[in-house]
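Trainee: I would like to learn how the terms used for a structure follow from its values. Could we go through some of them together?

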Amino acid sequence: MKNVTIFVQKDAHKRVKFGISLLEETLKDAGYTAGISALPENFEDYRDTCGYKLYIGVCGDEFTAWLRERDLLLFHADEPTGEGFGIETCAAYLTAVCGGSPTGALYGCLTLAEKIRKNGEFPREIAVSDKPEFLLRGPAIGLQKTKIEPPRLTYEYPITPARFPWFYDRAHWLAFLTKLLNDRCNVLYIWSGHPFSSLVKVPDYPFALEVTEDEFQLNKEVFAWLTEECDKRGIWVVLKFYNIHIPLPFAQHYGLPQLQSSITPLVADYTFKSIVEFIKSYPNLGLMVCLGEALRGNAQKTLWFVETIVPAVLEGLAQAGIAEQPPLILRGHDCDPVDVMAKALPLYANLFTMWKYNGEGLTTCRPRGSWQKKHLELSKLGRAHIINVHILADLEPFRFSAPLYIQKCVRASRSRLGGNALHLYPLFYWDWPFTPDKTEPRLLQHERDTVWFEAWHRYAWQPDRNEEDERLYWTHRFAEIYGVAEKSASSLLEALECAGQCAPRLLGRIGITEGNRQTLSLGMSMSQLTNVMRYRPNAELWNSVANQGEQAEPYVKKELARQKHVGETPVEMIQEVMYFASRAKDFCAKALETCEAVSKELGRIKTDIDAIYLLSLSLCKKLEAALLILEYRFTMSKDCLGDTTLLERAIAPWQESIEAFRRLSELGDSSYLYFCSMLTPQRKIPFSDGSKYGLPSDCLPEYEKEFDCFKKNTEKLKAGIVPESGVSVESVEAFVQVPFDVVEGECEAYTLEAGQRIFTDCHYQIKDIAPELQGLSGLRVGLGKAIGGAAELTLDFKQNSRLLIGYINARGLEWLQPPELETNTHADEQGGLEAVLKNAIRNSGCPGVNIHALRFQKGVHRISLGNGGFIVAGVIEDREIAVRDAGLAGEGYDTLDWMYEG
C-alpha cells in the first residue's frame with residue numbers, strides 16, 4: 001500500500017495543519033501518494049477509504065473521543081496531556097496521532113515523520129508516546145552589537161536594517177525556526193535594552209520613536225510575520241527589556257539621562273503606555289522583565305514591577321479585550337525576586353521566575369552554595385522556574401560540543417536547582433548570528449553550533465536518558481552532522497567531551513569571576529593569580545558555581561602550615577586539565593586519521609581543540625609558577641627578602657606558559673576574528689578595555705613584559721635590593737577641589753581631616769587620611785538612611801567633574817559595595833568601577849575607605865548609589881588620576897605586584 005489518506009477536521013488548529021503539511025511532504029519523499037481528506041460525516045465510514053489512513057488530532061476532539069469510546073484508540077502509556085502525544089495503530093490501517101494540545105499533536109507529527117524517514121516506509125504497526133519534562137525550552141537571541149554606539153549606552157540599539165540585517169532576513173529565520181522545531185523548542189527569547197521605541201508608537205510621546213516611519217512599518221511587518229511563523233510551530237516569542245532604560249530621543253527631549261536610577265512620574269507614565277501599546281499591538285507575545293542594571297535599590301525595583309509593569313500589562317489586556325494573561329517572566333537579576341513575587345502574585349497569576357545557571361559562564365554540573373539556595377527558593381514561586389544558561393564567557397570563542405556534559409548540567413538544573421524550564425544563550429551571543437571563525441562568508445552560529453543547541457534542548461525534553469544509549473545516539477549524530485564514519489564519529493565525540501572539561505575546570509579554580517568582565521581564553525596576568533583580591537573576585541564563582549576546592553593562595557598557606565586540603569587543589573586541577581586537553585588532541589587526531597576526507601569544519605574543530613590545549617597549557621604552567629611565587633610571598637620577610645630559589649624555579653614553567661601563549665596567538669590570528677563577543681570596556685580581565693584586547697596577540701606583549709619585569713626584579717632580590725617602602729608625601733599631587741552645590745538631599749558639608757566624623761548619625765572618625773584628600777570639602781550623610789537606600793543627593797556640578805565616593809572596605813550589609821559588572825553592565829560607564837586611591841582613609845570605629853572617582857558632566861545630577869553607607873570625599877577637576885595605594889590599611893609591597901610591573 002503506497003497510498004496514505006490524511007484526515008483533517010474543518011476547524012483544525014494552525015499547529016495541527018502545519019504538522020500535517022510536514023507529514024505530507026515526508027510521505028511524498030518516501031514514495032507515497034499522500035492526500036488530504038475531510039473526516040467522513042459518519043465516522044465509521046473511515047474504513048471505506050483505501051490504503052493507510054492517518055488522523056492528527058487533540059485528545060477530546062470528536063473523532064478521538066469516538067475512537068476511544070469504541071476501544072479503537074487505546075493508549076499503551078499515559079493519556080497525552082499538554083505537549084505530550086501518543087501515536088497508536090488502530091483498526092483498518094488507521095494510525096492516530098493524538099496530542100494533549102495542538103503543540104503536542106505537532107510534535108507527534110514530527111516524530112512520525114522522523115520514523116518514516118528513518119525506515120523509508122509508513123509504519124504498519126506503531127505505539128509511541130512521549131512528553132517533555134521542562135515546561136519551556138528555547139534559545140535567547142540578542143538584538144545587540146559587539147560595540148557601544150555613543151551617545152547610546154550598553155544594550156541600546158534601535159532595530160534597523162543597517163544594524164540588524166539578519167532580523168529582516170526571512171529565509172534565515174525560517175532555517176532557524178526549522179531547527180528550533182526539530183529540537184522541540186517552544187519559546188524564543190529576544191533580548192533588547194528598550195525595544196518598545198522600535199516596535200510601537202506611544203501617542204502621548206511621539207518623539208520617543210527611535211526609528212524612521214519606514215523602518216517602523218517594516219519592523220511591525222517583520223515582527224508580526226515572525227510571531228505568526230513561531231506560533232504555528234508552537235513557539236512562544238518573549239521580548240525582554242531592562243529597567244529603567246528610556247529611548248535616547250525621549251531622554252534628550254526632557255534633558256534626562258538614558259538610564260533612570262529612580263522612579264519618576266514622567267518615566268513611569270511613558271513606560272506604562274509603551275507596554276500597553278505593545279500588548280495591544282502584539283497580543284500573543286510574552287514579556288521578560290529585568291528590574292536591575294539601571295534602577296537602584298531593591299525596594300524601588302519591587303515597587304516598579306507591581307505599580308508600573310504589572311498594571312501596564314493588565315491595562316493592555318483590558319484595552320485589547322484579551323481575557324487570558326500572557327506569561328510574564330521576572331528575571332531575578334540584581335533585585336529581590338522573592339519580595340517582588342510575593343507582592344506581584346496577588347495581582348498577576350501567570351508569573352515565571354528566572355535565575356542564571358552558572359552565572360555568566362559554564363563552570364560545573366554540580367552547582368551548590370547560595371546559588372543553589374536561591375534557585376530552590378525561586379522554584380517554589382510562580383508557574384515555572386527558568387534556568388538561564390547565560391553568556392558563556394569562559395567558552396568563547398570555541399565550539400562546545402560535549403553533549404554528555406550538557407546532559408549532566410540539565411539534570412542538575414532540575415534535580416539540584418528545581419528548574420523546569422530552559423533559557424539558552426548561543427555560544428557567541430553578542431555577535432549573533434555569526435561565529436568568530438575567520439571565514440568568508442562568515443559561519444552562522446545555528447549551523448556551526450548545532451550540537452550545542454540540540455543537546456540542551458534534547459535533555460530539556462527528557463534529561464533521564466541512559467548515558468550509554470546517549471553515547472551511541474551522539475555517535476550516530478556526529479556521523480550525520482560531520483559526514484564521517486561511525487568509528488571516526490566515536491573518536492570525535494570523545495575528543496569534544498574531553499575538550500569540554502577544560503574551560504569549566506580552569507575558571508572554577510583560578511578565575512576572577514564567572515561574569516563577562518573576564519575573557520578566559522585571553523589568559524590571565526600573574527598578579528591575577530598571586531594577588532586575586534586586587535581584582536575584586538566574585539566569591540560566588542568559588543563557593544557556588546564551581547566544584548568544591550581551593551584557590552592558589554589558601555592552598556599554599558595550607559601547604560606551608562601542613563594542614564589538610566578540602567576539595568580539588570590547584571595542583572590536582574592542573575593534572576586533570578592537562579589530562580583532558582591532551583586526550584582531546586589525541587582523540588581528535590585519531591578521528592581525523594580514520595576519515596576518508598577532512599572537511600573544512602573538521603579542520604576548524606581541530607583548530608579549536610589545538611587552541612584549547614595551548615590555552616590550558618599556558619594557564620597551567622603559569623599557575624605552577626604562581627604557586628612558587630606565592631610560597632615565596634608567604635615565607636619572605638617584611639622587606640620582601642626570602643628564599644629566591646623559589647622565584648628562580650618559577651621562571652621555567654612561566655617561560656613554557658609564554659611559549660604556549662605565543663603559539664596560541666599565532667593560531668588565533670590565522671583562525672579567529674576575535675576571542676570575545678563583547679568588544680567593550682566592560683571586559684576588564686585580563687586587561688582593562690576589551691575593545692583593545694580581542695585576540696591573544698593583543699595580550700602577548702603584556703605577558704612578555706610582566707615576565708621580563710619579574711626576571712629583572714628576581715635578580716635585584718637575589719642581590720638584596722628591595723623596593724622602597726612607600727611613596728613620600730612630597731611626591732603626591734593633591735586633588736584640586738572644584739565648586740559644586742547641593743540641590744537636594746540630607747547631608748552635611750565638612751572638611752576632610754583627622755578628627756572629623758564621616759556620618760551624621762554616628763561617631764566614626766577619621767584617624768589618618770591620604771595627602772591627596774586632605775582639606776577637600778566632603779559631604780556626610782546619615783548611615784541609617786544610607787543603609788535603607790534613602791541617602792540620595794542631587795548635586796549641581798559647575799564644570800565637568802569627578803565625584804569622589806568613599807566605599808568602606810568591608811563586606812558587611814551596612815556598607816555600600818562598589819558596583820559589579822556581574823550584576824550591572826553599566827557599572828563603569830561613568831568610571832568609578834575601580835578604586836583610584838586604595839586604603840585612603842583610616843577610621844576609628846569602622847574599617848578604612850577606598851576612593852573611587854565617578855565622571856559627571858557640568859549640570860545637575862541625581863546621585864543614587866544603592867543601599868549601604870558611603871562617604872562623599874569631594875568633587876575634583878575631571879582629569880586622569882594616577883592609581884595608587886595610600887597604605888593606610890597596612891598593605892604595601894608584600895603583594896609582590898611590583899615585581900611584574902616595573
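Predicted model: local features only at pLDDT ≥ 70, side-chain atom pairs only at ≥ 80, totals over all residues.

Trainee: What makes the pair Arg 184 and Glu 114 a salt bridge?

Mentor: The side chains of Arg 184 and Glu 114 meet with a distance of 3.2 Å from N to O, and the cut-off is within 4 Å, so the pair counts as a salt bridge.

Trainee: Where in the chain do Arg 184 and Glu 114 lie?

Mentor: Arg 184 is in the loop between α4 and β8, while Glu 114 belongs to helix α3, and the pair links distant parts of the chain, 70 residues apart.

Trainee: Why are α23 and α24 called roughly antiparallel?

Mentor: Helix α23, residues 645-671, packs against helix α24, residues 696-718, at an angle of about 165°, with the axes 9 Å apart. Angles over 145 degrees count as roughly antiparallel, and therefore α23 and α24 are given that name. Their crossing is left-handed, and by class their contact has 14 nonpolar, four polar and seven charged residues.

Trainee: How do you know that α22 is roughly antiparallel to α23?

Mentor: The axes of α22, which covers residues 600-633, and of α23 come within 8 Å and cross at roughly 160°. This angle is set against the cut-off of 145 degrees, and that makes α22 roughly antiparallel to α23. Here, too, the crossing is left-handed, and the contact of α22 with α23 has 17 nonpolar, four polar and eight charged residues.

Trainee: Why does the span of α23 agree with its number of residues?

Mentor: At 1.5 Å a residue, the 27 residues of α23 should span 39 Å, and the end C-alpha atoms of α23 are 40 Å apart, which agrees.

Trainee: What makes Tyr 155 worth a remark?

Mentor: Most residues other than glycine have a negative phi. Tyr 155 is not a glycine, yet its phi is positive, about 80°, and Tyr 155 is found in the loop between β7 and α4.

Trainee: Which peptide bond in that loop is cis?

Mentor: The bond from Pro 150 to Pro 151 is cis, with omega near 5°, and Pro 151 lies in the loop between β7 and α4. Another cis peptide bond joins Glu 396 and Pro 397, with omega about 5°, and Pro 397 is in the loop between β13 and α12.

Key:
Residues numbered from 1 in each chain as written. Heavy atoms only, no water. Axes fitted to C-alpha atoms, helices over the stretch in contact; angles between N-to-C directions. Helix = DSSP H or I, 4+ residues; strand = E, 2+ residues; numbered from the N terminus. Parallel < 35°, antiparallel > 145°, perpendicular 65-115°, else oblique. Left-handed = near helix turned anticlockwise from the far one by under 90°. Nonpolar A, V, L, I, M, F, W, Y, C, P; charged D, E, K, R; others polar. Expected span 1.5 Å × (residues − 1).
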